[in-house]
Amino acid sequence: MVPAQAARAEATKSSTKASAKKSSSNSSAAKKASSGKERVAKTSARKKAASNQVARSSAKKSTRSESRAERLACVRAEARQAKVAKRSSGIRHAVASGSDRRAVRPLVVRSHLSSQSANSFSGLAPAPGAARASYGQLYGLHQTPDPLELKSSVALVMDQDTNEVVFAKNSEAILPIASLTKLMTALVMVEAHLPYDEAVTITHDDVDTEKNSSSRLAVGTTLTRGELLHLALMSSENRAAHALGRTYPGGLGAFVRVMNAKARSLGMIDTRYVDPTGLNSGNQSSAKDLASLVKAAYQHPLIRDLSVSPEHAVNLGNRQLQYRNTNSLVRNPAWDIGLQKTGYIVEAGRCLVMQARMAGRKFIMVFLDSSGKYSRQADAERVRRWIEEASMKGAVGSVTLTTLNAS
């Protein structure tokens, strides 16, 4: 009995251990299965979250693309409207108002960039690879359409007597002005009352190392201060202009400081000079500032006469140098020009300022960053025809300014 009972007890114990072991094994398997399910669930959740994030990102990109597309469509629509306005409010469609004073219909054209601060155009360097582009091209100013289809990205036409602006295109943009700088050089020189018959010799300091431009005034050439002023204004002679600044009392630095001080006294708040030639693109201004400069320079008969001189011969010992005016319009009998100055460096494009009588009125014209060799003169011709045709049709001032917001 005892052995049998002991055997049964042993069998029961073994069965219990086996059951416990089986239960433990089942429990472990269940835990592993549960853990596996949790991992799968977590992985699935992460994939879903990543998918949602991609979807949101795609939606944002789509929204931005749609936004850009909408803005582009809006810009194109505005450009089409501007072209329509050009046909309906151009040269042949000026209208009269109640005033009895002959004038032209004022037009103001602005780029989308002109809504920024004028100072935001200043001091920016050309982008890499754009060495042959002007600042106006880099800023997109040439994309601005205008009713006269000017090739200059910046233009201003103002009545000299009343200061009425009859045409403006990106007139607040601050750009390099090239040799238009020499008009301020002449103004400072004339107001300094230095002797014009004093001999000045061209030195190595007057040689252009900024743009490596050429000059027919060799080092050692001696001319009078008056002759140098004549060549600087009429033919834009860089060595002549530099020599004028270099021989100013106090030297070149003092001369440039006086140039900037004179600009401030004329209210030219957008203007900065760094040299008397304009070869440095740091010489910058706006069309409205340059109109003020032209008006001030016009008060000096010597500047008027020298700037519109068609040609001038310089005697250098046994030889003679013949210089011609850089502005062909002074030789055109259709024009009555009282003062002019041209300018060009790559960063500035082709530039021109003029005072001229048209349709019985005196106008100041400023053209900056023109895109072709003769396009600045062509732009002046377009403005003259517009003013004369508008005047013949009896178009009158006191017309609300027309603003075309174009890209």
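A residue is called buried if its relative accessible area is under 20%, exposed if over 50%, and partly exposed in between, with a 1.4 Å probe and protein chains only. The model is predicted, so local features need pLDDT of at least 70 and side-chain atom pairs count only at pLDDT 80 or more, while totals for chains, interfaces and linings use all residues. Residues are numbered from 1 along each chain as its sequence is written, and side-chain values use heavy atoms, with hydrogens and water left out.

**Exercise 1.** Determine whether Trp 386 is buried or exposed, and describe its aromatic pair with Phe 167.

Step 1. Trp 386 has a relative accessible area of 1% and is therefore buried. Phe 167, at 0%, is buried too.

Step 2. Rings of Phe, Tyr and Trp (its six-membered ring) pair if their centres lie within 6.5 Å; planes under 30 degrees apart count as stacked, over 60 as edge-to-face and the rest as tilted. A search of the whole structure gives three such pairs. In one of them, Phe 167 and Trp 386 are 6.0 Å apart centre to centre with 70° between the planes, which is edge-to-face.

Step 3. Helices (H or I, at least four residues) and strands (E, at least two) are DSSP runs, numbered from the N terminus. Because Phe 167 belongs to strand β3 (residues 165-169) and Trp 386 to helix α9 (residues 375-392), the pair ties together parts 219 residues apart in sequence.

Step 4. Another edge-to-face pair joins Tyr 248 and Phe 255, at 5.2 Å centre to centre and 70° between the planes. Tyr 248 is buried at 15% relative accessibility, and Phe 255 is buried at 0%.

**Exercise 2.** State which residues make the contact between helices α3 and α7 (heavy atoms within 4.5 Å).

Step 1. The contact consists of Leu 183, Met 184 and Leu 187 from α3, together with Leu 293, Val 294, Ala 296 and Ala 297 from α7.

Step 2. Ala, Val, Leu, Ile, Met, Phe, Trp, Tyr, Cys and Pro count as nonpolar, Asp, Glu, Lys and Arg as charged, and the others, Gly among them, as polar. By these classes the contact of α3 with α7 has seven nonpolar residues, no polar and no charged ones.

**Exercise 3.** How many residues of helix α4 are buried?

Step 1. Nine of the ten residues in α4 (residues 225-234) are buried, so the helix is largely enclosed by the rest of the structure.

Step 2. Among the buried residues are Arg 225, Gly 226 and His 230.

Step 3. After α4 comes Ser 236, with a positive phi near 60°.
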